[in-house]
Amino acid sequence: MRSDWIPYALVAMPMLAGLMAFVLKSDRVRRILLLLAAAGHLALTLAALRLHPEPVPGSWIALDDAGLLFLLLTSVLFFAAAVYAQVYLRTESVSEHRDPEGESLLFDNAPEAVFTGCLLMFLGTMTLVEVGRHLGMIWVGVEATTLASAPLIYFHRHHRSLEAVWKYLMICSVGIALALLGLFALASVESLPSMQFDDVLRSAAGVPPAWLKAAFILMLVGYGTKMGLAPMHTWLPDAHSEAPSLVSALLSGSLLNCAFLALWRMAQVCFAAGLDRFVQDLFLVLGFVSIGLAAVFIVSQRDFKRLLAYSSVENMGILAVGAGLGPAGAAGAFLHAVNHSLIKAALFLLAGNLLVLYGSRSTDAVRGAWRSAPATARLWLFGLLAIGGMPPFGTFISKFTVFKAALDTGHFILGALLLGLLLVVFAAMSRVGLKMVMGAPSPVPGASRRVGPVAMWVAPSLILLSLSLVLGLYLPGFLGGLIQRAAGAAGVWP
Amino acid sequence: MTMWLQKCPGILLALLLAPAVSGVINKVKALFAGRRGPPVLQLYFDLFKLLAKGAVYSRTTSWLFRAGPVVSVAALISVLLIIPFGGPSLLSFPGDLAVGFYLLAIARFFTVLAAMDTGSSFEGMGASREVQFSALAEPALFLGFAVLIRMTGQFSFSEIFGSMTASTWATQAPALILVAVVLMVVLLAENARIPVDDPNTHLELTMIHEVMVLDHGGPDFALILYASSLKLWVFASWFAGLVVPRGVGSPAASLAATLGGVLLAAVLVGVIESIMARLRLLRVPQLLLGAAALAAVALLLVMK
Amino acid sequence: MRNVHVMDLLLMLVILTNLRLLASSRLGACIWWTAGQGFVLGWLTIAAAWPHPAVETWGLGVLAAGLKGIVFPWLLFRTLRLVDVRREVEPYVGFNVSLGMGLAMLFAAFALARRLPLPAGLESTLWMPAAFFSLFAGLFLIVARKTAVMQVIGYLVMENGIFAFGAAGVRHEPLLLELGILLDLFVAVFVMGIAVFHIARDFDHINVDRLTSLRE
Amino acid sequence: MVLLALACFAIGLAGPVVVRALAGVTGSLAGCAGVSCALPGAMWPLYGLTLLLGCTLLLGLFVAVTRRSLLAGRDVREADTWGCGYTAASARMQYTATSFAAPLTHFFGGILRVIRAGGPVRGLFPEPSQLATRVPDVFEKTLFGRPARWVVARMTVLRKFQHGRMNLYILYIALTLLALMLWKLT
């Protein structure tokens with residue numbers, strides 16, 4: 001049974017489910033549809049992982065290593081978010097909504113049909129980016145993710161989330177338009193038969209370097225905006241802190257990876273054309289600017305969702321730095337993308353719990369959660385330590401690999417700078433985490449508002465964190481192979 | 001078996017004669033003062049009397065208070081196992097130097113704990129002073145032994161004092177003299193002799209070592225007195241091992257010579273106690289740091 | 001050759017529209033001018049492959065012209081009608097200064113075009129400058145205007161510039177991709193229109209510079 | 001907790017056994033098999049140490065047993081701690097940690113900067129006064145505190161980057177593009 005229909009199914013199924021979700025009337029049926037679609041997508045991805053269909057050269061949609069890796073990540077995260085959504089949507093539909101920033105004005109939610117529909121379309125568009133083998137197709141996919149995720153951010157019809165949506169739309173659209181300009185710059189070169197990834201790779205050497213460099217810079221700025229690299233990251237904190245937590249989990253967990261994947265495709269083209277030094281310098285500059293700027297905002301951050309958003313910017317900076325340190329660094333970057341997505345998604349879901357319980361996003365309102373919300377507090381603390389790079393978790397190994405790559409390639413000063421910045425961020429985040437978890441418990445106004453069993457609220461985060469813990473202790477062979485083939489490195493891990 | 005017998009006299013002598021040393025010191029002080037003074041065996045009588053008595057314990061104390069004297073006696077007897085006396089010690093292995101110092105420290109630690117356990121402000125004050133002075137005396141002691149290690153190249157008590165022959169004295173006389181002075185000062189500080197602390201004062205505020213054992217009675221007090229006499233014996237045997245060069249003569253002769261050395265140390269302490277008054281408490285750190293400086297000079301002499 | 005003159009004329013029209021947009025102070029006029037520019041660009045894609053434009057190029061050109069010329073203005077006017085907000089354009093940068101900046105950008109576009117190697121098969125030398133100038137003007141409009149609708153118009157002008165650059169340089173672009181890009185553009189404008197409508201309803205103004213409550 | 005303490009105690013006593021058990025690990029790390037090459041001179045001192053500490057333990061037990069047997073027959077009474085005649089001794093008069101360490105902190109006073117609150121009693125008929133001394137953690141304040149505060153102060157200056165005005169955000173993108181182009185393409 002030829003298995004190359006799987007990628008097409010992976011894209012089509014969520015889209016169809018999304019359209020059905022718009023049409024369905026009853027909320028309960030739609031939530032079950034969401035869960036079924038997520039489970040189906042996960043099943044298909046696992047099947048693709050087992051069958052591992054070889055990408056047909058010249059085909060527009062096929063699964064290669066990097067695509068499969070991020071696809072696996074996206075579907076796992078989406079399944080966790082879908083499980084979380086069952087109780088979240090029930091809570092949202094029941095209770096009235098008080099404004100977290102205490103301006104005591106009520107706001108209503110967007111119709112749930114729009115939310116669920118857009119969520120499924122969002123999954124479909126992300127899958128399109130991950131399975132796309134045609135640079136133009138990838139661009140269309142990335143632009144489509146922006147448009148699909150915009151209504152999701154505006155689920156809470158609130159003037160701040162409206163402002164966040166407007167900024168998200170405008171900044172990302174401008175950024176991605178620049179990426180389109182880069183795409184056309186690349187396409188206008190005569191020697192390239194078509195924009196299909198394999199053709200471009202094959203004839204990359206023939207492209208005049210000036211055009212290729214200009215195209216890469218435009219794509220770097222374009223997809224860098226979508227990926228949240230500083231100084232184009234300005235939309236990210238607003239969008240991630242105003243969106244519902246399960247949407248921010250998907251935004252941080254899988255959307256940023258898709259942008260990184262699109263950027264990595266173009267980087268592979270440049271590597272094929274021998275512009276390694278050029279690409280690596282750009283990645284290193286933007287990476288370190290991102291980590292530095294994110295550290296600035298993490299240090300005295302008062303809002304824990306914005307804290308997670310800036311942590312995403314910082315981790316995307318680490319991905320860029322990893323990609324700029326040669327194949328071994330890129331392998332570390334890919335593993336870091338996996339770990340970061342798992343832990344960040346878990347943290348955002350926990351942030352959602354805290355927001356529902358404490359009714360406020362400020363880190364001062366949440367105190368002594370260790371006793372008043374035991375499960376959430378424990379996972380929250382472990383998650384924050386994990387994202388900082390604590391050993392048992394996978395982030396330690398990936399950050400270590402990136403740092404080792406920095407030393408192997410002789411960038412000693414950069415390695416030291418990386419460690420210094422990571423230290424600052426780790427100190428700032430653990431300080432916030434510990435202050436929120438320890439101490440005398442502060443009042444918990446929203447304890448009664450949570451509908452449904454507590455397990456459903458906490459299970460997705462627990463599963464995601466334990467996945468990262470497993471990655472920390474034992475890197476499964478297939479995943480290690482996938483990462484190394486995607487990064488073009490070999491023998492990074494024993 | 002013969003090898004064990006040949007090493008036994010050192011420890012047996014120590015266990016038996018230790019209380020006599022303080023008797024000798026008091027006899028020397030008495031002669032200086034022109035009075036007959038207590039008999040040399042006075043401490044033995046005190047010990048037997050105390051062992052026969054009951055005990056009174058303060059309400060605030062716990063098992064720690066009772067463990068204090070036991071641990072200090074056990075620790076000091078085991079220090080004696082590794083101290084050479086005239087011949088090699090019962091037990092010796094490279095590094096027993098460090099174990100010896102640690103055992104002394106354990107004894108001091110448990111005595112301080114027992115003192116703090118009673119909760120009285122006098123004992124707290126005594127304990128705090130004791131700890132301060134020993135913290136300042138230890139550098140001098142360590143530097144002194146560092147000189148000896150550097151000189152002999154060995155790292156165990158019996159090897160060090162075993163190779164302290166007349167020839168080493170001939171070649172390294174100045175350094176050895178300095179180390180002897182340092183050992184004497186540390187002996188005075190650690191065993192609560194006159195310049196640092198007055199053993200038979202009755203004013204709690206001025207005591208250091210005595211006040212820590214204020215609340216102990218009966219057998220506990222006997223154990224403490226015996227432990228402090230053993231401690232005096234340890235320091236005296238270090239001093240004697242240094243001053244009396246080992247070597248010529250049969251083992252019995254070197255045993256007798258070392259006994260003479262201990263006697264000499266006791267007399268010296270008695271003389272010092274008679275001719276000097278107590279130093280002000282603020283002066284004691286300067287004395288101890290002076291001793292450490294002397295040891296450092298000796299180390300420089302040896303190092304070049 | 002007659003075709004070159006037609007193309008030069010259309011390209012000059014594009015450049016003049018940009019300048020007009022930079023100096024215009026009324027929303028309604030701006031929307032019509034952008035629509036005009038989009039329409040012209042649609043025909044330009046056909047004119048670029050004039051001797052024998054393939055069927056796809058015809059389809060593409062007509063679709064682009066129709067979309068940019070008719071659908072987008074209809075969308076934007078519908079939004080403006082629902083919003084019934086003052087139709088004045090509040091600029092950050094005064095109109096005269098904007099015009100000055102416009103000329104500087106035009107000059108930069110020509111300089112940049114001259115430095116870049118001209119893709120083969122392009123008769124008119126005005127393609128690159130027109131494309132880059134539209135891009136710069138679009139960016140400038142977004143940055144220097146306060147009204148949300150004006151920013152959407154800036155985005156459209158930028159998109160027109162990129163589209164012109166694509167039409168000029170790219171010969172063998174598969175139709176499916178162009179359609180994908182146009183679909184994305186349409187959905188983008190549609191979503192932006194809804195966003196503007198909500199902003200107007202919630203804030204009862206569409207001045208972007210008052211949207212600053214999310215800051216550090 | 002007790003278990004861990006006992007484990008430490010056991011390792012202290014059973015030094016040679018532990019070293020032989022770990023021979024495999026140390027061997028592989030040091031790149032040669034067997035205990036001897038991993039810790040050449042270690043075995044003999046460990047035996048001596050175990051023997052000596054064993055003796056100490058036995059002596060301790062022996063002395064404790066004799067002490068208990070001596071006291072068995074005698075009358076053991078409870079009384080107040082010796083207060084040199086002062087009967088109203090209270091817990092507050094006990095030596096605290098700060099007072100215990102006072103001589104040494106006074107000795108190193110130059111570095112440690114002891115903080116004293118309140119002062120000695122003044123006047124002929126003094127009203128009640130109090131004295132509290134506290135030794136701040138010098139290293140935390142100078143080595144970590146001061147640089148951390150300096151870094152945070154610099155960082156808050158940079159926080160204005162996220163000022164909320166979207167136009168400038170898009171200007172950032174345009175400027176980054178221009179900067180990268182100028183840097184890398186010229």
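Predicted model: local features only at pLDDT ≥ 70, side-chain atom pairs only at ≥ 80, totals over all residues.

Colleague: What makes the crossing of α11(A) and α12(A) left-handed?

Modeller: A crossing is left-handed if the near helix is turned anticlockwise from the far one by less than a right angle, and right-handed if clockwise; the crossing of α11(A) and α12(A) is left-handed. Residues are numbered from 1 along each chain as its sequence is written, while chains are lettered from A and ligands numbered from 1 in the order in which they are written.

Colleague: Why is α11(A) called roughly antiparallel to α12(A)?

Modeller: The axes of α11 (residues 276-299) and α12 (residues 304-323) of chain A come within 7 Å and cross at roughly 160°. Axes are lines fitted to C-alpha atoms, for helices over the stretch in contact, with angles from 0 to 180 degrees between N-to-C directions. Angles under 35 degrees count as roughly parallel, over 145 as roughly antiparallel, 65 to 115 as roughly perpendicular and the rest as oblique, so α11(A) is roughly antiparallel to α12(A).

Colleague: Which classes make up the contact of α11(A) with α12(A)?

Modeller: Among the residues that meet there are A:Phe283 and A:Leu284 of α11(A) and A:Leu307 and A:Tyr310 of α12(A), where contact asks for C-beta atoms, placed from the backbone, within 7 Å. The contact has 17 nonpolar, 4 polar and 1 charged residues; Ala, Val, Leu, Ile, Met, Phe, Trp, Tyr, Cys and Pro count as nonpolar, Asp, Glu, Lys and Arg as charged, and the others, Gly among them, as polar.

Colleague: How do you know how α3(B) and α4(B) are oriented to each other?

Modeller: Their axes come within 8 Å and cross at roughly 165°, and α3(B) and α4(B) are therefore roughly antiparallel to each other.

Colleague: What makes β1(B) and β1(D) a pair of strands?

Modeller: Two strands pair if DSSP finds at least two bridges between them, and 4 bridges join β1(B) to β1 (residues 76-79) of chain D, which run parallel. B:Tyr57 stands opposite D:Glu78 in β1(D).

Colleague: How many residues does each chain give to the contact of chain B with chain D?

Modeller: Chain B gives 43 residues and chain D gives 37 residues. The largest share of the chain B side, 9 residues, comes from α5(B).

Note on methods:
Contact = placed C-beta atoms within 7 Å. Helix = DSSP H or I, 4+ residues; strand = E, 2+ residues; numbered from the N terminus.
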